[in-house]
Amino acid sequence: MKRDTKRSGVFTRRALLIGAAQIGALGALAAKLYQVQVVEGARYSTLAETNRISSRLIAPPRGRLLDRFGTVVAGNKLNWRALLIAEQTGDVDETLDNFSQLVPIPEHERARIERELRRHRRFIPITVREFLSWNEMAAIETNAPELPGIVVDVGTTRIYPYGPALAHIVGYVAPPNEKDVAEDTMFALPGMRVGRAGMEKYHDLSVRGKAGAVQLEVNAVGRVIRELDRQEGTKGQDIQLTIDTELQKAVLDRLGDESASAVVMDARNGEILAMSTNPSFDPSLFNSGVSQAQWAEWTNNRKAPLINKAVSGLYAPGSTFKMIVGMAGLESRAITATDIVNCPGYLDFGDRRYHCWSKGGHGGMNLRDGLKNSCDVYFYEMARRTGMDHIANMANRFGLGVKLDIELPGTRTGFMPTREWRRAQGKAWNIGDTIVSGIGQGYMQLTPLSLATMVSRIASGRDVQPHLTRSIGGVLQYGSKPEDWPVTSVSDKSLHAVREGMWAVVNEQGGSGPLGRLDLPGMQLAGKTGSAQVRNVTREQRDNGYKSENMPWEFRPNALFVAFAPYDNPRYALALVVEHGNAGAQAAAPIAKDIMTEVLTRDPASKRDSPTEQVAALTPPPGVLKP
Amino acid sequence: MSLFERRLIREASFGLTNKLWQISWFYVVLLCMLASVGYVALYSAAGGSPEPFASPHIIRFGVGLILMLSIALVDIRFIARMSWVGYAIGVILLILVLKMGHTGKGAQRWLNLGGVAWQPSELMKIMLVLALAQWFQRATWERMGNILFLIPPAIAVLVPVALILREPNLGTAVITAVVGATIFLGAGVRWWKVLLIVGVVALCAPIAYNHLHDYQRARITTFLHPESDPLGAGYNIIQSKIALGSGGMWGKGFLQGSQAHLNFLPEKQTDFIFTMLGEEFGLVGGLALLGLLTVIIIGGMLMALRCRHQYGRLVALGISMNFFMYVVVNIAMVTGTIPVGGVPLPLVSHGGTAMITVMMGMGVLMSVHVHRNVEFSDGTDEL
């Protein structure tokens, strides 16, 4: 008993000690719990929410592009597609085999599907087939029991109902690249497209809209449990263009097989009614991806279908530049409209002889006759008298060789030479350079759009800027009314002198552009031909009876024609370039006549806009249109 | 001398009614409360459904309760005589599990007996407690001083610990060793001797580390730096702390734990059941559960103190210590205090072996309590 007492005493002591240690350990755990749950609780709450909630973006519908009458030229089409959810089918291969009995799946597509199936979790839908037709969808729906895991859903794709006719203006969309995604996370969404060219690119910020967001509760493997919150995005804005689609198509048709470009403008406000470049391309090909063969065909074509020649093609203006020389002379008081220059068929200056297109010469010429006959000697002499500084300055005032506020990306400014430019090159500007500039040759390089701008300003007497945007989101843009544009600083007298000359070119007996004369009763067209050499003609060639039409195509002169109509109340302006068409009077004038006839018959500028139009804000948006 | 001195019962046995009367029904109620907490937690872990966890849990508890009450009525002296037999069975099962057990999560722990997967290491701990108590209960104070007398029980501890380590199951091996050491202390082995043994074992730790499996080493390294590998081995600890921390003071509410219900919390029905309760019922709920567990542990210790014979005292101490180790290791694990170790929360976690063995242990504890005043005739020092 004594021993047991001792033993039990030791046990009691030690059991109490162990019990105390146990209580101490449990107390420490309680303290740790307090630490984790209360002291650090806020931090862990945030982490739990981050775990739980996944925010996903909802793609907004891309805004449409409409023509001036509300016709959709770039729209969205529903894209029915078949998706496969792997976890809903027992045998993926069997489902795909059954599917391909109904809708064939090419070998490489099958490989892609299997690749994506391996890469994604089994509840993530995989696209099996896009752009399903009604028949294919019906086949899928009726055979649904044999197709477990296949679901049909709908997205959107971009369509261009007028395809090639408006490709150069509307541009195209393409899948976004990493840079786009970095700029706007919305582009990470499947099926998103970004504007890559033309108005699709220029107005991309307006038409892309703002992505909505949906807050989803997800579990540890990322499966969506339920939707917690949804904010709808903002639909992209519709853009109304100044283009008349029907006119655009008619113009393009008239250009036929030529490598050519025509710009039709409303002379009073600078709205571009048609801007057709031939040949063109199908913009929807960029949406799905361009094949290598197609790309090679485009880039090897010497008529360059991808280039919008109206804004990117550079041409010597030839005789269409003579109005500028005339006005420069008159405004600088170097000449008067009645000054007479005798044309013997050439002008000798220094040790060079400058030829007129008429070998026999035109005799005595004033400004009106000089324009009417397109007499080169007259303008050689007048350019010499006026000087290059005045000519270049006048050209710039009419939109030549200066940057225009056109919305198309890739627009080129063109080039108007000056004495200063030549000096900066370390060379002297010779009087001879001024003389050839008098007939629109030499160093100058201009776009058809700038020539259309020039003739618009001559016709309306307003410093209009060419533009393609009429309204954004239903709000009429600044520059749609003539009063938005300032009256030109060139005197009425000078303007009238060149207009009269242009009238004579087409309508007077013996004019140089009779093929441009209109057949419409009570309407007259004023115009100017141009035939610009792309290559120097040597004395030897000239002596051997040179004929430009005998040259290889790419060395033949470009044919040009600029015009406005009606003469007594100028409304429409036109610039036309037919590449390597030889002579403006023969190759360009008849086309210009037909186009102008079409324009005047349709009279798009006088028709009412779409009824929803809303006139608003006169303040120009920054950088878009500055008069 | 003893605070709880009672008249010794000299009769060989006493009546069944008397025994039933002696059962601590208060303690049984405490165990029922704990199992009910388990039911609530498992109901939530299944996403608000009694299947597949909560119903089997409560059925198993019912079986365990009957088992416990049956064992409680068995004479403690019979249990004492059978101690070494039980120990031998435990060791054989451990060897069997190494030879033909099936593998789960990279370790051989499970033995298939009659279609039920058993983890013999759980049973082994109780058998070890009984064997050690049997060894020490016949030791005189003088024999305790002889170091040679301590060698057989030390080997009796090391054999199962080594076998469990081979499975490998680090957590259970450590718990087994600690429980064994506790019996040594309770028996009156001098502190310095126990510390010496622990020191020798600690010195062997680096050698043991080299023999650890990669996944065990990963557990230790990710415990030290859980954020270093948030999607790998550290994921469990981080998600458990997030769940507990986001529960805050009052919790997110029953069935509202986002971490648990969205499956961010791994193994929520087994090892991380405490985390789930902490997320849904907050610090208040966690402390209440911890309080209940503390009362059960201290209750066991009090039974040890009230027992009149050395065998009962040591058995009650060992079983309480075993229960305590389950609780401490599990909660320390889910709060990121010690490495994750595959130790369930007794009577709360889903799992058959742990439930049955814990209830068997509780049965032995209750038998000690019922027979606290019996006289051990074969005790050499009981006069």
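In this predicted model, six bridges join strand β8(A) to strand β9 (residues 224-231) of chain A, and the two run antiparallel. Strand β8(A) also pairs with strand β1 (residues 53-58) of chain A, again in the antiparallel sense and over six bridges. Chain A is in contact with chain B through 40 of its residues, which meet 61 residues of chain B.

**Strand β8 of chain A**

- Strand β8 spans residues 212-218 of chain A, and six of its seven residues are buried, so the strand is largely enclosed by the rest of the structure.
- Q215(A) of β8(A) is the bridge partner of S55(A).
- Q215(A) also stands opposite D229(A), a residue of β9(A).

**Interface between chain B and chain A**

- About 4300 Å² of area is buried between chain B and chain A, and carbon and sulfur atoms give 70% of it.
- On the chain B side, W141(B), L262(B) and L305(B) lose the most area to chain A, together 15% of what that side buries.
- The count of salt bridges between chain B and chain A is zero.

**Nonpolar surface patch**

- Residues of both chains form a nonpolar patch on the surface: Y34(A) and V39(A) together with M249(B), W250(B) and V284(B).
- The accessible area of these patch residues together is about 530 Å².
- W250(B) is exposed, because its relative accessible area of 67% lies over the 50% cut-off.
- W250(B) is located in the loop of chain B between α12 (235-247) and α13 (258-261).

Note on methods
Residues numbered from 1 in each chain as written. Chains lettered and ligands numbered in written order. Predicted model: local features only at pLDDT ≥ 70, side-chain atom pairs only at ≥ 80, totals over all residues. Heavy atoms only, no water. Patch = residues over 30% accessible without salt bridge, like charges linked within 9 Å, V, L, I, M, F, W, Y side chains within 5 Å. Areas by Shrake-Rupley, 256 points an atom, 1.4 Å probe, with all protein chains shown as cover. Salt bridge = Lys/Arg side-chain N within 4 Å of Asp/Glu carboxyl O. Helix = DSSP H or I, 4+ residues; strand = E, 2+ residues; numbered from the N terminus. Buried < 20%, exposed > 50% of the residue type's maximum accessible area, 1.4 Å probe, protein only. Pairing = 2+ DSSP bridges. Contact = heavy atoms within 4.5 Å. Buried area = accessible area lost by both parts, 1.4 Å probe.
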